[in-house]
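Work through these exercises with the model open. Try each task before reading its solution.

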Amino acid sequence: MITLKPYQDAAAGNTLELFRYVAGQLELVSKPEERAAVVAHNGGVLLKAPTGSGKTLVAGEIVQALSRDVKVVWFWFAPFKGLVGQ
């Protein structure tokens, strides 16, 4: 198991907090337009950091942790073939 560095752990934790908040908000609404509004207002995250800082590792941690909380289907896209091996 890989231990995240403090800045990586903070990024993962903040993102998970946002995603969990959105999941909670989605449970409060039932109409499709209300759900769309919740997602449009809160549902996006940009993980921006220098090359080699562990963005892929942080994203993997977020996916793993969130998948324990909620049922979700993940699609992972990589812009370069070399990233797939990572």
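**Exercise 1. Classify Gly60: buried, partly exposed or exposed?**

Solution. Start with the cut-offs: buried is under 20% relative accessible area, exposed is over 50%, and partly exposed lies in between (1.4 Å probe, protein chains only). Gly60 has a relative accessible area of 29%, so Gly60 is partly exposed. Helices here are DSSP runs (H or I, at least four residues), numbered from the N terminus. Finally, look across the fold. Gly60 and Ala12 are 48 residues apart along the chain, and their C-alpha atoms are separated by 9.2 Å.

A note on the source: this is a predicted model, where local features need pLDDT of at least 70, side-chain atom pairs count only at pLDDT 80 or more, and totals for chains, interfaces and linings use all residues. Residues are numbered from 1 along each chain as its sequence is written, and side-chain values use heavy atoms, with hydrogens and water left out.

**Exercise 2. Compare the span of α3 with the expected value.**

Solution. Count first: α3 has 15 residues. The expected span is 1.5 Å times one less than the number of residues. For α3 that gives 21 Å. From first C-alpha to last, α3 reaches 21 Å, close to expectation.

**Exercise 3. Which residues of α3 are buried, and what do they pack against?**

Solution. List them: Val58, Ala59, Ile62, Val63, Ala65 and Leu66 are buried in α3. An α-helix has 3.6 residues a turn, so residues three or four places apart point the same way. Now find the partner: the buried residues of α3 pack against α1.

**Exercise 4. Which residues make up the largest nonpolar core?**

Solution. Apply the rule: a nonpolar core is a set of buried Ala, Val, Leu, Ile, Met, Phe, Trp, Tyr and Cys residues joined through side-chain atoms within 4.5 Å. The largest has seven residues: Leu4, Ala12, Leu16, Val58, Ile62, Ala65 and Leu66. Both α1 and α3 supply at least two residues each. The most come from α3, with four residues.

Key
Contact = heavy atoms within 4.5 Å.
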